[in-house]
Amino acid sequence: NEEAVKLFRQAAEQGYVHAQLSLGNRYLSGIGVAHDVADAARYLCLAADQGDGQAQSSLGFLCEHGQGTKCNLGEAVRLYRAAAAQ
């Protein structure tokens with residue numbers, strides 16, 4: 001639904017972590033938006049920076065495999081550890 005995505009995007013840009021996580025997951029799966037791993041990584045990064053464990057884990061996977069972002073094993077490990085500490 002376009003209206004839902006629009007509202008999620010507005011909330012995400014205002015810093016709402018659940019909206020950032022939801023948009024990241026939507027871009028990963030292509031639900032309601034075009035599949036775009038780079039956009040997924042961008043929104044997951046916003047949520048991960050706020051300490052969301054699910055976003056940290058998902059972003060860690062993307063970093064580990066170089067999907068939507070450069071492959072960075074050190075960053076992937078850091079994100080996995082942060083998620084595990086939740």
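**View 1. Contact between helices α2 and α3.** In this predicted model, V17, Q20, L21, L23, G24, N25, Y27 and L28 of α2 meet V37, D39, A40, Y43, L44, L46 and A47 of α3, where contact means heavy atoms within 4.5 Å and helices are DSSP runs (H or I, at least four residues) numbered from the N terminus. By class, this contact of α2 with α3 has 11 nonpolar, 3 polar and 1 charged residues, with Ala, Val, Leu, Ile, Met, Phe, Trp, Tyr, Cys and Pro counted as nonpolar, Asp, Glu, Lys and Arg as charged, and the others, Gly among them, as polar. Helix α2 (residues 17–29) and helix α3 (residues 37–49) have axes that come within 8 Å and cross at roughly 160°, the axes being lines fitted to C-alpha atoms over the stretch in contact and the angles running from 0 to 180 degrees between N-to-C directions. Helix α2 is therefore roughly antiparallel to α3, a term used for angles over 145 degrees.

The model is predicted, and local features need pLDDT of at least 70, side-chain atom pairs count only at pLDDT 80 or more, and totals for chains, interfaces and linings use all residues. Residues are numbered from 1 along each chain as its sequence is written, and side-chain values use heavy atoms, with hydrogens and water left out.

**View 2. Contact between helices α4 and α5.** Helix α4 (residues 53–65) packs against helix α5 (residues 73–84) at an angle of about 160°, with the axes 8 Å apart, so α4 is roughly antiparallel to α5. On the α4 side the contact is made by G53, Q56, S57, L59, G60, F61, C63 and E64, and these meet L73, E75, A76, L79, Y80, A82 and A83 in α5. Sorted by class, the residues in the contact of α4 with α5 are 9 nonpolar, 4 polar and 2 charged.

View 3. A55 lies in helix α4 and counts as buried because its relative accessibility is 0%, the limit being under 20% relative accessible area with a 1.4 Å probe and protein chains only. Leaving aside residues up to four places away in sequence, A55 touches L21, L44, A47 and A48. A55 and A83 are 28 residues apart in sequence, and their C-alpha atoms are 8.1 Å apart in space.

View 4. The structure holds 0 disulfides, a disulfide being a pair of cysteine sulfur atoms within 2.5 Å. The sulfur of C45 is too far from any partner for a bond, because the closest cysteine sulfur, in C63, is 7.8 Å away. C71 is likewise in no disulfide, with the nearest cysteine sulfur, that of C63, 8.4 Å away.

Definitions and conventions:
Helices (H or I, at least four residues) and strands (E, at least two) are DSSP runs, numbered from the N terminus. Angles under 35 degrees count as roughly parallel, over 145 as roughly antiparallel, 65 to 115 as roughly perpendicular and the rest as oblique. Buried means under 20% relative accessible area, exposed over 50%, partly exposed in between (1.4 Å probe, protein chains only).
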